[in-house]
Amino acid sequence: MLPFSPPRVDQKTVDEVTSVLLSGWITTGPRTKEFERKITAYIGCRKTLCLNSATAGMELMLRWFGVKEGDEVIVPAYTYCATANIVVHCGAKPVMVDIDAKDFNISVQEIRKHITSKTKVIIPVDISGWPADYAEINNLVNEPEIKKMFQPGSAEQQQLGRILVMSDAAHSIGAQYQGKRHGSTTDVSVFSFHAVKNLTTAEGGAVCLNLPAGFDCDAIYANLNMKSLHGQSKDALAKTQVGAWRYDVLEPGYKCNMMDIQAAIGLVELERYEENLERRRAIFEFYTNAFKNKSWALLPAYKNDQKESSYHLYLLRIKGANEQQRDQIIQGIFDRQVSVNVHFQPLPLLTVYKSRGYKMEDYPQAWSKYENEISLPVYFDLTDENLKTVTDAVIAAVESVI
Ligand SMILES: *Cc1c(COP(=O)(O)O)cnc(C)c1O
């Protein structure tokens, strides 16, 4: 069976992790700090904090901004549950909106319709690595009428004076937006290094800060870092310095720091990431060439004059297929020894959100994308022969059902 998304682990990864394991310091320390500096340089943002997941990073940012009960946070209905779960953790309400007709990303028009005086944050998601419409979203939150509606509930909200835009960039490290790397395009972007993502540390994530001038990103970094370590005034490494054992706890913080063992994997991944992206781009082109003349194939966007994908997921859609037919096609592909997937079940289909009153029929675009979507394998180690196996399996499976 051809796997869907195995990590790229080789002797170089093993050697770097081994060296950390034998170094005498295995949790947050010099490797994590080096990884943060290198991500900042690669992305072109102001400051980066690494954590043990993107989910933790996004939640810490909401906590930093003071999001709480009574607040609203706008999220797309088409995403992984983490995007909305963090809002619930803060006691606020996820206001789900539909996606755009042109791609799998949040609709700016739908955002506009759902902004109220309670809206504190918008979380666009770059589904499959294709950036959301940040220029339009950044303009929207800066419109005088929208700013006038904003009611600050914390010092940070007062200083920003408008809705915060936090990109759920779990899929999109290395994506380009108007000639810049995504992560330098809006207030804050949070990348995931989970095992199935483009760039992995097994588990992990990075908060890339890019807040407007006037915000002290070094101070925000220190604050988020403190929140990620039980609210301690010093991290474990600082406490090992001579005479520096005493510390205070400033608030009941969380425990979500990145270990140097993880950062060692990430440093290897980042160093060869452009090579990884090249291969992913070639895989997308292979799939598009194989399907472009098929009348049943709806192909994903991955490059235009504004944006270029990070080539995380190839979201193929089967024109006219309903959910049952799509599921049959998936079975047919697995029967031909190829693993595929579906990204994503829209949140209103999941018990946690269905039971909170969200209804699938309120999100027709999300449904129409989900019901006929199949995600194909994309990873560095796929050979051209493997790709032929995938496209043969997909074509045979589709044409036996449709
Ligand atoms: C993977 C994923 C996340 C969560 O990332 P973690 O690092 O596992 O917390 C969030 N949002 C989306 C869209 C994802 O795919």
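Residues are numbered from 1 along each chain as its sequence is written, and side-chain values use heavy atoms, with hydrogens and water left out. Because the model is predicted, local features need pLDDT of at least 70 and side-chain atom pairs count only at pLDDT 80 or more, while totals for chains, interfaces and linings use all residues.

**The ligand and its shell**

Let us start with the ligand. It is surrounded by 15 residues, the closest being T55, D168, H171, S192 and K197; a residue is near a molecule if one of its heavy atoms lies within 4 Å of it. By class, this shell has six nonpolar, seven polar and two charged residues. Here Ala, Val, Leu, Ile, Met, Phe, Trp, Tyr, Cys and Pro count as nonpolar, Asp, Glu, Lys and Arg as charged, and the others, Gly among them, as polar.

| Protein atom | Ligand atom | Distance |
|---|---|---|
| A54, backbone N or O | oxygen | 2.9 Å |
| D168, side-chain N or O | nitrogen | 2.8 Å |
| S192, polar side-chain atom | oxygen | 2.7 Å |

On its own the ligand has 380 Å² of accessible area, and the protein covers 92% of that (Shrake-Rupley method with a 1.4 Å probe).

**The largest pocket**

Which space does the ligand take? It takes the largest pocket, in the sense that more than half of its atoms lie within 2 Å of the grid points. Pockets and cavities are found on a 1 Å grid over the protein atoms alone: a cavity is a set of points where a 1.4 Å probe fits but cannot get out, and a pocket is an open set with protein on both sides within 12 Å along at least five of seven lines, with lining residues having an atom within 4 Å of a point.

The volume of this pocket is about 420 Å³, taken as the space filled by probe spheres set on the points. Its lining counts 25 residues, with Y80, H171, S192, H194 and K197 nearest the centre. Of these lining residues, 10 are nonpolar, 12 polar and three charged. Both α3 (54-65) and α4 (82-89) supply at least two lining residues, and α3 gives the most, with three. Helices (H or I, at least four residues) and strands (E, at least two) are DSSP runs.

**Cavities**

There are three cavities of 30 Å³ or more. The largest cavity has a volume of about 120 Å³, and among its 15 lining residues P6, P7, R8, N198 and R280 are closest to the centre. That lining has six nonpolar, four polar and five charged residues.

**Two backbone details**

Finally, two loops deserve a look. The peptide bond from H343 to F344 is cis, with omega near 0°, and F344 sits in the loop between α13 (323-335) and α14 (351-354). A202, though not a glycine, has a positive phi of about 80°; A202 lies in the loop between β8 (188-192) and β9 (205-209).

Technical notes. Polar contact = N/O pair within 3.5 Å; in protein donor to acceptor, adjacent residues only side chain to side chain.
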